[in-house]
Every structure is written in C-alpha cells, then in structure tokens.
Amino acid sequence: SANILESKDPQIGKVRLYFGDSTGLLLRKEDTFVNPNGKQMSSETSYSDYRQVDGIRYPFRQQVTVRMRGEVINESKMSVKEVKHNQRIEDAMFKVPSN
C-alpha cells in the first residue's frame with residue numbers, strides 16, 4: 001500500500017504522488033494536464049530498483065507512459081548504471097556549439 005499526495009492547479013493540472021508506506025520512497029507519479037494545443041494529456045512514471053549511494057537512495061529504474069485523451073502515445077524505460085556525487089565537470093561541456 002502507499003500514501004498518496006495530490007496537488008491540483010487549474011492552470012497547470014493535477015499531480016498525484018504515491019509513496020511506499022514502509023519505505024517512504026516515491027513509487028509512482030501521475031500528471032494530468034492540457035498541452036499547449038489544448039489537448040488533454042497524462043503521464044505516469046513508475047520508480048523502482050532503489051539503491052543507496054553515499055547514504056541517498058535513488059531509483060535506478062524508471063518507466064514513463066504518456067497518454068493523449070487516454071490513448072498511449074509514448075512509452076519509455078530508463079535504467080541508471082551508476083550514480084556519482086560531486087564529480088568535476090569541465091566548463092567546455094556547457095559551451096553552445098558553433099553550428
């Protein structure tokens with residue numbers, strides 16, 4: 001079972017978050033909104049395979065399903081291989097390409 005937190009905004013839409021009863025970890029996020037073209041959209045993201053890195057738990061798997069008017073228009077899965085904290089990033093990574 002899960003604890004559910006819901007937020008509603010007439011301009012933005014509705015967000016519902018599901019947290020595990022025993023762990024307090026985010027298990028699922030559901031969004032309902034109207035896109036810029038005025039079409040009703042929703043997305044559902046599931047979080048799993050939580051692992052601890054430097055004392056912080058991260059979901060190493062995410063699955064996202066996007067619907068327009070109830071019909072699935074996109075599904076994606078993401079698996080994280082590794083999480084590292086405080087890694088040096090060279091300034092060149094943030095330069096805008098010339099082309």
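Guide: At 45% relative accessibility, isoleucine 73 counts as partly exposed. The model is predicted, and the values discussed here are computed from it.

Visitor: How is a percentage like that turned into a class?

Guide: Under 20% relative accessible area is buried, over 50% is exposed, and partly exposed lies in between. The 45% of isoleucine 73 therefore puts this residue in the middle class.

Visitor: Where is isoleucine 73 found, and which residues does it touch?

Guide: Isoleucine 73 is found in strand 6, which covers residues 71-79. Leaving aside residues up to four places away in sequence, isoleucine 73 touches Met41, Val66, Arg67 and Met68.

Visitor: How far apart are isoleucine 73 and valine 34, in sequence and in space?

Guide: Isoleucine 73 and valine 34 are 39 residues apart in sequence, and their C-alpha atoms are 15 Å apart in space.

Visitor: Now for threonine 65. Is threonine 65 buried or exposed?

Guide: Threonine 65 has a relative accessible area of 9%, so this residue is buried. Threonine 65 belongs to strand 5, residues 56-68. With residues up to four places away in sequence set aside, its contacts are Ser42, Ser43, Glu44, Val72, Asn74 and Glu75.

Visitor: Which residues does glutamate 30 touch?

Guide: Not counting residues up to four places away in sequence, glutamate 30 touches Lys14, Val15, Arg16, Tyr18, Ser43 and Glu44. Glutamate 30 sits in strand 3, residues 26-34.

Visitor: With which side chain does the side chain of glutamate 30 make a polar contact?

Guide: The partner is the side chain of arginine 28, at 3.1 Å.

Visitor: Where do aspartate 49 and aspartate 54 lie?

Guide: Aspartate 49 lies in strand 4, residues 40-53, whereas aspartate 54 is in the loop between strand 4 and strand 5. Aspartate 49 is partly exposed, at 26% relative accessibility. Aspartate 54 counts as exposed, at 62%.

Visitor: Stepping back to the chain, how many helices and strands does it have?

Guide: The chain has zero helices and six strands. Read from the N terminus, the order of elements is β-β-β-β-β-β. The chain is more spread out than a compact globule, because its radius of gyration is 17 Å, well over the 13 Å that the globule rule gives for 99 residues.

Visitor: What box do the C-alpha atoms fill?

Guide: Taken along the principal axes, the box is roughly 50 × 40 × 25 Å.

Visitor: What share of the residues of the chain counts as buried?

Guide: Of the 99 residues, 17% count as buried, and threonine 65 is one that is buried. The chain exposes about 8100 Å², with carbon and sulfur atoms supplying 47% of that area.

Visitor: What part of the contacts joins residues 24 or more positions apart?

Guide: Such pairs account for 14% of the contacts in the chain with a separation of 6 or more.

Visitor: How far apart are the mean positions of the positive and negative charges?

Guide: The chain has 16 positive and 13 negative charges, and their mean positions are 3 Å apart.

How values were computed:
Residues numbered from 1 in each chain as written. Predicted model: local features only at pLDDT ≥ 70, side-chain atom pairs only at ≥ 80, totals over all residues. Heavy atoms only, no water. Helix = DSSP H or I, 4+ residues; strand = E, 2+ residues; numbered from the N terminus. Polar contact = N/O pair within 3.5 Å; in protein donor to acceptor, adjacent residues only side chain to side chain. Contact = heavy atoms within 4.5 Å. Rg over C-alpha atoms; globule rule 2.2 N^0.38 Å. Buried < 20%, exposed > 50% of the residue type's maximum accessible area, 1.4 Å probe, protein only. Areas by Shrake-Rupley, 256 points an atom, 1.4 Å probe, with all protein chains shown as cover. Lys, Arg positive; Asp, Glu negative; His and termini not counted. Charge placed at Lys NZ, Arg CZ, Asp CG, Glu CD.
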